[in-house]
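User: I have a new structure open and would like to go through it with you. Could you start with any term I will need along the way?

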Amino acid sequence: MKHANAYVAQLIALYRLALAEYIKANKDTLDEIQAKMKDTVLRNAIVWSNASPQDVRQWWGAG
C-alpha cells in the first residue's frame, strides 16, 4: 500500500504541473472564455430576476 500511495502522490504532482503549464500556455484563451461566461451569467441573472442590472453586477463583482 505504501508504494500505491507514493505512486498516486506522483500522479497528482504531475497532474498539477501539467495543469499549471496548460493554464500558463493558454492564459489569453482561458481569460476570454471566463469573460464570456461571466457576461452570459450576468445577462441571464438580469433577465431571470427582478433585480436591477447594477445589483446583479455588484453580486458578481462586475462593477
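Analyst: One term comes first: a residue is called buried when its relative accessible area is under 20%, exposed when it is over 50%, and partly exposed in between. Please also keep in mind that this is a predicted model.

User: Which residue does the side chain of D31 meet in a salt bridge?

Analyst: The side chain of D31 meets that of K27, with a distance of 2.8 Å from N to O. D31 and K27 both belong to helix α2, which covers residues 27-47, and they are about one helical turn from each other because they are 4 residues apart. K27 is partly exposed as well, since its relative accessibility is 47%.

User: How many salt bridges are there in the whole structure?

Analyst: A search of the whole structure finds 2. Besides the pair in helix α2, there is a salt bridge between E21 and K24, whose closest N and O atoms are 3.3 Å apart. E21 and K24 lie in helix α1, 3 residues from each other, which is about one turn of the helix.

User: And why does K24 count as exposed?

Analyst: K24 counts as exposed because its relative accessibility is 59%, which is over the 50% cut-off. E21, on the other hand, has a relative accessible area of 41% and is therefore partly exposed.

User: Switching topic, what is the overall layout?

Analyst: The protein has 3 helices and 0 strands, and along the sequence the pattern reads α-α-α. Of its 63 residues, 6% count as buried, while the accessible surface comes to about 5,800 Å², with 62% of that belonging to carbon and sulfur atoms.

User: Which residues form the nonpolar patch on the surface?

Analyst: The patch is formed by Y7, V8, L11, I12, L14 and L17, which together have about 590 Å² of accessible area. One of these residues, I12, lies in helix α1, which spans residues 2-25, and I12 is partly exposed because its relative accessibility is 41%.

User: Last one: where is confidence lowest?

Analyst: Confidence is lowest in helix α3, residues 53-59, where the mean is 70, and highest in α1, where the mean is 92. For the protein as a whole the mean pLDDT is 81, and 71% of the residues reach 70 or more. Where pLDDT is low, the predicted coordinates should not be read in detail.

Definitions and conventions. Residues numbered from 1 in each chain as written. Predicted model: local features only at pLDDT ≥ 70, side-chain atom pairs only at ≥ 80, totals over all residues. Heavy atoms only, no water. Patch = residues over 30% accessible without salt bridge, like charges linked within 9 Å, V, L, I, M, F, W, Y side chains within 5 Å. Areas by Shrake-Rupley, 256 points an atom, 1.4 Å probe, with all protein chains shown as cover. Salt bridge = Lys/Arg side-chain N within 4 Å of Asp/Glu carboxyl O. Helix = DSSP H or I, 4+ residues; strand = E, 2+ residues; numbered from the N terminus. Buried < 20%, exposed > 50% of the residue type's maximum accessible area, 1.4 Å probe, protein only. pLDDT = per-residue confidence, 0-100.
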